[in-house]
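Subject: Structure handover

Hello,

Here is the structure we discussed. Please open it alongside this note; what I found follows below.

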Amino acid sequence: MAMLPIGLGRGHFLLRKNLKVVCGARHSGIGFCCSFPRIDNNISYRPKTSGLDHPHRGLFPLSRDFHPIQGGGKFSGVIPRSNAFNAAMPTNPDQSDGFWSNLFNKLMRWTIGLFLAGCCLVAALPAILSNKTGLAVTKAVANVFIPGVVEVRDVDMAWGKPINVKGVELKEDSKSEVVVVGIEQITTTENLWDVVIGKDFDMVVTDLMIDAAPDSKGEIPLVRYAEKAGMMKKSKVEKTELQTDQRKLVSMSGEVKNGNSNVYVNDGRLFVGDELRYTIGKQIHWLIAQGDETVASVSDEIDMEADWLEAEEKPKDSEALLVTVNSPNVGLDMKGWKTADGILLGEPATAIAQFTPLLAREGLSKINPLLGETMKMSKGAKVRVQVASPDMRLPSKTVQLHMDPVQVVIDSGPLANGLLDLLDVQERGLSKGKPLQAWMSGVDIEVRNEEMIRVRRCDMLLGKPGKGIHVVVWGECNSLTKELNMNLGIPADALARAGIEVEPGYILPLPLRGTTEEPIVNWTSASKDIGRLALERVGGMIAGEEGTIGGFMRNAFFDVAKGMVGKKHGQGNIPELTEPLPWE
């Protein structure tokens, strides 16, 4: 029986006289057979080139003008793939109904054949992945779609046994030897078939490693990978040369609970810089729960309120989400609903942290530069911040923070010493070059585009209540460059300490520039402002109404004072106090 081969990629077709097609895949070992409409064994049909091969007529040409070629039971040539279907079309219009019926039947057979082939492929998938060659091909395909390079040492997978994957590594690129994320072993408690059909199962991840430590160039491999993959914006901050011995280990564990499937991370390792390790502590544990019933159950287990689950305005097509992170020094609680475009907070998220030098330098100093000189907090005190957004959705271009009042001890650095000199304060507990007790009020903060920090108003008391100096800070700080565009205000009660009486509520604003590491105040200009206020107080003592000699002398005095020390600052842009001061 004569057969005509038609090549299609890695497979091949054998076209027999009765137009039965046998398809064999050279590598998969899977084959299937489909039957085409029968054609007279002694006749082949060759379409006229002028009608059927027109480039704009496609698969179904307008012309059906065929002419037979006697082939003696054999085809006189290879039918082009584009015309193989057309060769089976009827020459008699009366046969069209039967043709389309046969066509539909054949298409159904092809579809079923492809479906069965796909099922066979899926059935063979565990064996393919467990084979070194199949695993290598799968990794090559995965690396096309996943940023970076994924390596897997071994996969043991079968429908009737649990999944067991070993040696998973994620690298920045093919040239890099740095492993950004690594997993020694992934196992499931149930077999593969039970996992696929949706039965309850647990997955155990052993020895998860995340590299978030800076290298010798001051770059963090995990951050660098995220930037290359488009997961985060490229940092504008210049890198600093660091010593490689700053790489420190934090033990890590975690849970992900999602109803019928749970993931447990055991014996994890998080590598971070020395200061961040000091901030986090020796170990960290995180918990993520998804689904209303799961979140309610987990909340009860960890003794956390879940009233927010009963909210009347629960978003559509969403599920409850609970995230908690705990370590000896930091904590985070976030509750809300997971939606298609992010998270809708059920209530403001809460972050708590104990004092560390890194927290003071990289966090508190951007709110109030005086806090960058913090040495310690009062015993048992922690920084507590509530996080939200204008519409309670995350991520958001604008994030709103509220920081609770805190009591600290600061070093009397250049900024604090400049204030003491300006007001000529000489009291016990307010000495230059010595630690100062300090109170900070609650403060509202706004972060725009993950970069600009806007501090509405931060009141601070340097020294003990009743004897300290009250100052106010407001303005903006660039979190990346650490540049300041702020004001350092001296209110009426602090001016009174220097013997200058002004109306209640008045604040003398002093421009605060530079960076969080080197804040700059023009103390010469500030001294002139203080002098002007003192002269105004003296001038106010000159008696006399307008039009009299006394009034003339007072106005002349003020004119001279303005020429000496400048004009009075306006009060229009100074934010008002919105909550009681903690030291009063």
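Start with Arg 224. Its side chain forms a salt bridge with Glu 219, and the closest N and O atoms are 2.6 Å apart. Glu 219 is partly exposed, at 24% relative accessibility. Bear in mind that this is a predicted model.

Two further pairs deserve a look.

Glu 255 and Lys 257 meet through their side chains in a salt bridge, 3.6 Å from N to O. Glu 255 has a relative accessible area of 18%, so it counts as buried. Lys 257 is buried too, at 15%. The cut-off matters here, because buried means under 20% relative accessible area.

Arg 448 and Glu 446 make another salt bridge, with 3.5 Å from N to O. Here the side chains fall on the other side of that cut-off. Arg 448 is partly exposed, with a relative accessible area of 26%. Glu 446 is also partly exposed, at 22%.

Salt bridges also join up into a network. Its members are Glu 275, Arg 361, Glu 362, Lys 366, Lys 482 and Glu 517. Across the whole structure, the search finds 22 salt bridges.

Next, the cysteines. How many disulfides does a search of the whole structure find? The count is 0. Cys 458 has a relative accessible area of 0%, so it is buried. Cys 477 is likewise buried, at 0% relative accessibility.

Last, the surface. Which residues make the nonpolar surface patch of about 310 Å²? They are Trp 193, Val 196 and Ile 197. Trp 193 sits in helix H5, which runs over residues 192-196. Is Trp 193 buried or partly exposed? At 46% relative accessibility, Trp 193 counts as partly exposed.

- Arg 224 with Glu 219, at 2.6 Å.
- Glu 255 with Lys 257, at 3.6 Å.
- Arg 448 with Glu 446, at 3.5 Å.
- The salt-bridge network that includes Arg 361 and Glu 517.
- Cys 458, buried at 0%.
- Cys 477, buried at 0%.

Best wishes

Note on methods:
Residues are numbered from 1 along each chain as its sequence is written. This is a predicted model: local features need pLDDT of at least 70, side-chain atom pairs count only at pLDDT 80 or more; totals for chains, interfaces and linings use all residues. Side-chain values use heavy atoms; hydrogens and water are left out. A disulfide is a pair of cysteine sulfur atoms within 2.5 Å. Buried means under 20% relative accessible area, exposed over 50%, partly exposed in between (1.4 Å probe, protein chains only). Patches are made of residues with over 30% relative accessible area and no salt bridge: like charges are joined within 9 Å, nonpolar side chains (Val, Leu, Ile, Met, Phe, Trp, Tyr) within 5 Å. Accessible areas come from the Shrake-Rupley method with a 1.4 Å probe; for residues, only the protein chains shown count as cover. A salt bridge is a side-chain nitrogen of Lys or Arg within 4 Å of a carboxyl oxygen of Asp or Glu. Helices (H or I, at least four residues) and strands (E, at least two) are DSSP runs, numbered from the N terminus.
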